[in-house]
Structure formats: structure tokens, C-alpha cells
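Visitor: Could you walk me through how to read the features of this model?
Guide: Gladly; here it is.

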Number of protein chains: 2
Amino acid sequence: VTAMLALFTDDLFHDGHAKTAHGVLRYGTREVAAVIDTRHAGKRADQVVPFCARDVPIVGSVADAAALGASTMLIGVAPSGGKLSPGWRRAVHEAMAAGMDVEAGLHTVLGEDPELAEAAARLGVVLRDLRASPAGLDVPRGPAARAPGVSVVHTVGSDCAIGKMSVVLELDRAARERGRRSVFVATGQTGIAISGWGIAVDHVISDYIAGAAERLVDQGAERGDLLFVEGQGSLLHPAYSGVTLGLLHGSLPDVLVLAHQAGRTAIEGYAEVPLPPLADVVELYEAALRPIRPGRVGAIALNTVLLDEAGARAAIERAQAETGLVADDVVRFGPDRVLDAVLAALP
Amino acid sequence: VTAMLALFTDDLFHDGHAKTAHGVLRYGTREVAAVIDTRHAGKRADQVVPFCARDVPIVGSVADAAALGASTMLIGVAPSGGKLSPGWRRAVHEAMAAGMDVEAGLHTVLGEDPELAEAAARLGVVLRDLRASPAGLDVPRGPAARAPGVSVVHTVGSDCAIGKMSVVLELDRAARERGRRSVFVATGQTGIAISGWGIAVDHVISDYIAGAAERLVDQGAERGDLLFVEGQGSLLHPAYSGVTLGLLHGSLPDVLVLAHQAGRTAIEGYAEVPLPPLADVVELYEAALRPIRPGRVGAIALNTVLLDEAGARAAIERAQAETGLVADDVVRFGPDRVLDAVLAALP
């Protein structure tokens, strides 16, 4: 029997931080029995998240999800800081008591938590930590040792949780449909939940961020020759910029795709950090990459989920005018224009 | 009885990577019985490292250091990647067999290595890991929550292992001599070995780099109002740039001091990464800081150890002409000119 997933989102299924749940619904191949969310219980997933969700029921409790056949609960929110809150801990206990395995991509390692590990052993269920670091990480060999014959495309962002992973998943899928040997390279827990391999670079020892990214490119190069490496954080983000730069310098992309949420004016959670004009963000990323191995922004991936269709079209026009680059919402309007621009920008 | 240190440097005591040994000799207050180094055995420390060493003997074996009264062996090299090599592992076993405690700041956690932990327990000696992360790290509160009434000075570099820590130690000492409530804030294993507190930010989970740096500023603010925060890595370094940016965005310095080794033209170990002109490096750091909380480079700290005195003076003149900033070698010629420039640049 295949595991049936329940996606636990607390009361945040509508929120960008529930990106793990959204990603598994939109891009994953595993069956989903239900979303568990107290705020949205009684609705269907695609009523709440039209662009990201399959038509699965939203229930209000672990017991309801179990009744629908769920055998594994996946924590579907990537909270800032990555901790297991007391309320979520209760949900994990309830799931285990209902006989479910539990998967999570938190910094709090479920399997290393004595109370949870004891309960899992007693109840005969499995705890899986998607964010755990692989053994043997080290510093990178560096730009001179970049895997030959491979092109690397990498998403970067003006902020977090605005769709960098969705963009590379869409581009990868479209490239494969065009017959390219394209590979999605997961760098975070959601991507790993979707693709089944990768490294959560934000959980590795900080000296090894770039080394982990280089290893992912090496592993991707064994699977294909056009790699779409998922981005993390933002160079503008007060908490996560280090991860972003390490990932950039370890993956050494040929072409960047800059993700931006139309209308966002400041870093989420840090209102004191305003977003610079989009053209400045393009220059910030190219300047950060230039000393190590130059690469350029090839297109803008605009997230227009907060706008109606006319507003989205206008925002895309503005982004193009501001940057001189092709811009589009690859989830809403399809990835072809951005993919064309990316492929044209490859060296 | 106080512990007497033996500083183990393998055969690298002359090398910049032996910075932990150099720092403890120059700035530490603990007694040092000997340096253990096979290449330089028979000389005195200040014959090999004139600017950084006390006059202590260099011996060729752990047994010789024990005969001089050493009771704790400190691994005095910070190798790229931070691993315990097989040769060093043998030295750790020899030290334990001679009844010594062992201190290290490697990513390889001695206390978590089953073989070493078993030997230490059997021999009744202690393994101390200076790089271990504190509990309860998280993302930073951010620039709006910056500790009030405190000025932060931070060293950054064009490359690693060129004296960023020495610069802040010299500046801190000089500021205290001028009656300022100045504090050295250690961010790496050597600094922690010297000052007795701090966090090795390159060993924390990468999502928490900036949070760890913010915590260090908070802790420094309890000790004084002029903080000299040790820098790590370089924005130009293919392996460590992520740590550098996270530390920059977490500590949010008012003034940066840019450390550079005169004559260096490429990143050490990555010859394919040339160093840009010094003025461009100044701009790179200010541009990285600008979106989060602006700060500016107040002076250049030039490491002239490879030059004679006339060459050093000329290199300092050149650096000043190139950047329009005060430049000096604070170890060779004293910290006063750089400190004056830093204090004048504080807001």
C-alpha cells in the first residue's frame, strides 16, 4: 500500500508560508487524502489556493484526516525560524496516536526530540526529517571545478516565500516537455518532499552552504544537463541572506531568474527593510555573482496572485519596462515566455 | 593549578591558517608551555612569527610539550573545511595518553566522535569544542530591534586568514586604553579561545547565522557600548561568503574596517577568483549592507607582513590613494590612526 498524505497547515493553508503543502499539492506525485487546517476546514483546497491546489478536502482535525485514509502526516508549513511550536507538537502526537508516520522539514529534528522519538518507538510509527544534512559535507572545490557540460539556472528573489521553487518546477517541467534533459534540483524541505532528493541548504553548518550547493550541482549533472536549482531566501532578507549568497556562490548559475511578488514593498516580517526598485535588485544579484563567476538575470518571474488578471498584465508590463527583461507569472500564464528568455540567455 | 597550553600546529606554525595559535600567543592571557610543530621544532615562536608570538619554545612532539608542563593541548590551526585529519587525530590520542585535556574549534566535534570520546573517558581527560553552537538560536529580530545606545564596528576582508580578528583585538585594546567601554566580540574559535565567550558563527545552522550575530551584539551591549565584532570569511570567497553576509546582516555595523593583505591578488585556494581593486571591495560591502541598514567602511586595515618596512609604507600610501580612506597596518605600526578614523566615522 502507498502512503496517503495528510498535509498539516495549522490555520495557515491560505498563507505563503504553507508553501510545503502548496508545492506537494501542485507538483508532487504522492496521493493526498486531506489538508488539516482549522481555519479552512469544510472547504476544498482549490477554493482556498486556486493556483496551487488539487481538489482535496480540508478537514479540521487529525482524526478526520485519518478517517479519510491518511497514513502519513506531513507538516506543510515552513515557518520563519523552523521551530516546532507547542500546538504543532500536539498535532504530531495526535497523528502518531492515530497510527500515522510524520514527515517534517523543520530545524527542530523530530527524530532527535526525546519525547517524540520515544512516542514514535512506542507506537510503531516513523518520524522522517526532510531537512537533515547528509554526511561528508565540505567546502566547495570552487568555480574552476564546475561540472562541465551542464547549464545551471537558479531562482533568486526579492523576498522569501514568493514562489522561487514553483518557478523552477514550472520551468523544469516545460523544458522536459520540449525534450530537454532538464532536472529540478531541490534545496529545501518542500522541494525534497516533491522530488525525493536534494539538500536543505538552510540546515547545513553555515561553513558548508556553498559546498552543499556545489554537491547538488554535481548530483544534478549526473541526471541531466540543464539544471534548475531552487533558490532560498533573498540577498535583501535580514535573516536568510547568508544562505542565499552561499547557494549562489556554490551553484554558480549561468542564468538567474528573479522572482518578485507584484505589489510587495518591504521584506515580510521586517517592515523596516523596504524593497529597492526591481532593476536595483537585478544589479545586486549580478554584482554578488560577478567576482566569483559571472552570470546574469535572464528573466523576471512575477508572482501576481494578489492581483486580478488586468492588474497582473499591467504589473508584468511594468516589470518589463523597469528591467528591460522578459517578465511573466509562470504559474498563472504559463512558463514558456520566461523559459524562452532563459534559454536564450544561456552562454 | 592553572592549565598550561600546548599549541598544536602540525607543520603550519608559520602559516596564516595557524591563526588560532598566533591569536592565543599574541592576545590570550593563558600560559603557553610550547608550540608543537614538526617543521619548526627547535626554534622559538617569535623567530617564526615575529608579529604574533610570545617567546615560547617550539617542540616536535606531544611528549616534549608534556615534559615542559603542558596540561591542555589546543589545536592551533583553523584548516579550510575544519576537519580533523588522520595525522591530527593521532596527535589528539597522544595528548590524551599523556594526560592532557584537548581543546579544538573544528567542525569535527571531538566530543561527538565515539573513538575520541571513549578514549577521553577511559583516560580521565576532557575534550572541549570551542565551536559548538549554543542552544536556542533563531532568526534575528532585525534592524528595527537593534540594541540601542551601542556602536558596532565590524571587520570585513578581501579574503580569509589575513588578520580580521587581530585588527579588532588591537582596536578594542586601544579603545579601552583611551577609556572607552569597548568590547571584543568573538565570532570564531580563536576569538572564543582568547576571550572566553562568543559564538562560532560558521558552525551554526545556516538559517541562524544572522540570528547568532544579533545575539552576540545583544550580549556585547551588556558588556559595553563600543563593540568590535570579529569578521569571518569574505564576500569574495567561494566557500565562506554566506557566513560573511549573514554576519554582516545580523551584526548591522555602523562602521566597517576592511582588512586586506598587501600584494594578494586572488582568493587563497581559489586562484581563479581574482581580487577586484580595493575601492570596488569597499563598494561591494557597502552595497551589501545598504538595503538592510546602511553602514560605511571607515578605514583600511592592511596586513603588510610579507613586505619590508619601506614596502609596507608604500603599500599603505597606495591603499589610501586608491580608496580615499585612512589605511594602516595596525599590528605593525599600531592601531591609533585606524581607530581615529573609525571613531570619526561613527554616526
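Visitor: How many residue pairs are in polar contact between chain A and chain B?
Guide: A polar contact is a pair of N or O atoms within 3.5 Å; within protein, one must be able to donate a hydrogen and the other to accept it, and residues adjacent in sequence count only if both atoms are side-chain atoms. Here the count between the two chains is 20 residue pairs, both at pLDDT 80 or more.

A word on conventions: this is a predicted model, where local features need pLDDT of at least 70, side-chain atom pairs count only at pLDDT 80 or more, and totals for chains, interfaces and linings use all residues. Residues are numbered from 1 along each chain as its sequence is written, chains are lettered from A and ligands numbered from 1 in the order in which they are written, and side-chain values use heavy atoms, leaving out hydrogens and water.

Visitor: Which element gives the most to the side of chain A that touches chain B?
Guide: Elements are DSSP runs, numbered from the N terminus: helices are H or I with at least four residues, strands E with at least two. On that side, α9(A) gives the most, with six residues.

Visitor: What area is buried between chain A and chain B?
Guide: The size of an interface is often given as the accessible area lost when the parts come together. The value is summed over both parts, with a 1.4 Å probe. Between chain A and chain B it is about 3300 Å², with 58% from carbon and sulfur atoms. Contact (heavy atoms within 4.5 Å) takes in 43 residues from chain A and 43 residues from chain B.

Visitor: How many salt bridges are found across the interface?
Guide: The rule asks for a side-chain nitrogen of Lys or Arg within 4 Å of a carboxyl oxygen of Asp or Glu. It finds two across this interface. One of them joins A:Asp207 and B:Arg131, at 3.3 Å from N to O.

Visitor: What is the strand order of the open sheet in chain A?
Guide: Strands of a sheet pair through backbone hydrogen bonds, either parallel or antiparallel. Two strands count as paired if DSSP finds at least two bridges between them. In chain A, six strands follow the order β3-β2-β1-β4-β5-β6, with parallel pairing. β3(A) and β6(A) stand at the edges with a single partner each, so one side of each has no neighbour in the sheet. Five bridges join β1(A) to β2(A), and A:Asp10 stands opposite A:Asp37 in β2(A).

How values were computed
Buried area is the accessible area (1.4 Å probe) that two parts lose on being put together, summed over both.
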